[in-house]
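Here are my notes for a colleague who is opening this structure for the first time. Please keep the view beside the text and take the points in order.

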Amino acid sequence: ETSPSIKAGATEAVSDTSVEQAERSLVFERAESEARAEIEGYIRSLGPYEFQELVGALLRGMGYSTPFIAPTGPDGGTDILAYPDPIGAKTPHIRVQVKHRNSQKATREEVAALRGIIRQDREIGLFVSSAGFTSDAVREARQGGVHIELIDMNSLLEQWTTFYDRLSEEDKGYLRLRRVYFLAPE
């Protein structure tokens, strides 16, 4: 039978290991939170056309061609057109609306306006809003015969990190990131 002092030593070792794992986990969570806040702050500091270029870069990293990214000024509701091939022969094409705001969520009316200009026979919609979407805007995107995908800040960052390695060096320049590795808890 194991002596009480050996049992106590084993319990202390397990307890010490648990404390170390918890501390490592807290360090990781804090670093992750601070990095995320810094990345979001950087994105929020971009101008609307810089943000639009960032979205175009993401689409290119996903394998789309972006023959049209709206210049400054009125755009008629289309900020980016993206094709699955370089000449636009394959469908569906993606008609993109980009709204870069700090707090004003995209509205139902804005999503409906995008729906109104989509060519149903060959296009889908993509609405990117850095401030997110109202619940009515989400409902609007889900109804109707035309597919409209919504991307908020969380989705944008998730997609950016997923496709980051596929971006050209020039496109990485819109939001340059670096991986950092931490010891994973057991």
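**Notes on the fold**

1. Start with helix α2. This helix has 14 residues, and from its first C-alpha to its last it reaches 20 Å, close to the 20 Å expected at 1.5 Å a residue. Keep in mind throughout that this is a predicted model.

2. Much of α2 is covered. Its buried residues are Phe 51, Gln 52, Leu 54, Val 55, Gly 56, Ala 57, Leu 58, Leu 59 and Gly 61. An α-helix has 3.6 residues a turn, so residues three or four places apart point the same way. Just after α2 comes Gly 63, with a positive phi of about 100°. Most residues other than glycine have a negative phi.

3. Next, the sheet. The sheet is open and holds five strands in the order β1-β2-β3-β4-β5, with mixed pairing. β1 (65–69) and β5 (148–151) are the edge strands; each has a single partner strand, so one side of each is left without a neighbour in the sheet. On average, neighbouring strands are turned by 20° against each other, direction ignored. Strands of a sheet pair through backbone hydrogen bonds, either parallel or antiparallel.

4. Which sense does the pairing of β2 and β3 take? Strand β2 (residues 80–83) and strand β3 (residues 93–99) are antiparallel and share three bridges. Across this pairing, Leu 81 stands opposite Arg 95 of β3. Ala 82 stands opposite Ile 94 of β3.

5. The loop between β2 and β3 deserves a look. Pro 92 sits in this loop. The peptide bond leading from Thr 91 to Pro 92 is cis, with omega near 5°. Most peptide bonds are trans. Ala 89 is in the loop between β2 and β3 too. Is Ala 89 buried or exposed? Exposed means over 50% relative accessible area. Ala 89 has 59%, so this residue counts as exposed. Its C-alpha atom is separated by 28 Å from that of Ser 129, 40 residues apart along the chain.

6. Now move from β3 to β4. These two strands pair in the parallel sense over seven bridges. Gln 97 stands opposite Phe 127 in β4. Both strands are mostly covered: in β3, six of the seven residues are buried, and in β4, six of the seven are buried.

7. Follow Phe 127 onward to β5. There, its bridge partner is Leu 150. β4 and β5 run parallel and are joined by four bridges.

8. β3, α3 and β4 make up a right-handed β-α-β unit. Another right-handed β-α-β unit is made by β4, helix α4 (residues 135–142) and β5. Helix α3 (residues 108–117) lies across β3, β4 (123–129) and β5, and runs at about 155° to β4.

9. Where does the interior come together? The largest nonpolar core has 23 residues, and Phe 51, Val 55, Val 96, Val 128 and Trp 160 have the most contacts inside it. At least two residues of this core come from each of α2 (48–61), β2, β3, β4 and α5 (153–163). The largest share, six residues, is supplied by α2.

10. Val 96 shows how these parts meet. Leaving aside neighbours within four places in sequence, Val 96 is in contact with Val 55, Leu 59, Gly 77, Thr 78, Asp 79, Ile 80, Leu 126 and Val 128.

11. Finally, Ser 168. This residue is in the loop between α5 and α6 (169–172). Why is Ser 168 classed as partly exposed? Buried means under 20% relative accessible area and exposed means over 50%, with partly exposed in between. Ser 168 has a relative accessible area of 36%, so the class is partly exposed. The C-alpha atoms of Ser 168 and Pro 48 are separated by 22 Å, and the two residues are 120 residues apart along the chain.

Terms used: Residues are numbered from 1 along each chain as its sequence is written. This is a predicted model: local features need pLDDT of at least 70, side-chain atom pairs count only at pLDDT 80 or more; totals for chains, interfaces and linings use all residues. Side-chain values use heavy atoms; hydrogens and water are left out. Two strands pair if DSSP finds at least two bridges between them. Axes are lines fitted to C-alpha atoms, for helices over the stretch in contact, and angles run from 0 to 180 degrees between N-to-C directions. Contact means heavy atoms within 4.5 Å. A nonpolar core is a set of buried Ala, Val, Leu, Ile, Met, Phe, Trp, Tyr and Cys residues joined through side-chain atoms within 4.5 Å. Buried means under 20% relative accessible area, exposed over 50%, partly exposed in between (1.4 Å probe, protein chains only). A crossover is right-handed if, with the strands pointing away from the viewer, the path from the first strand over the helix to the second runs clockwise. The expected span of a helix is 1.5 Å times one less than its number of residues.
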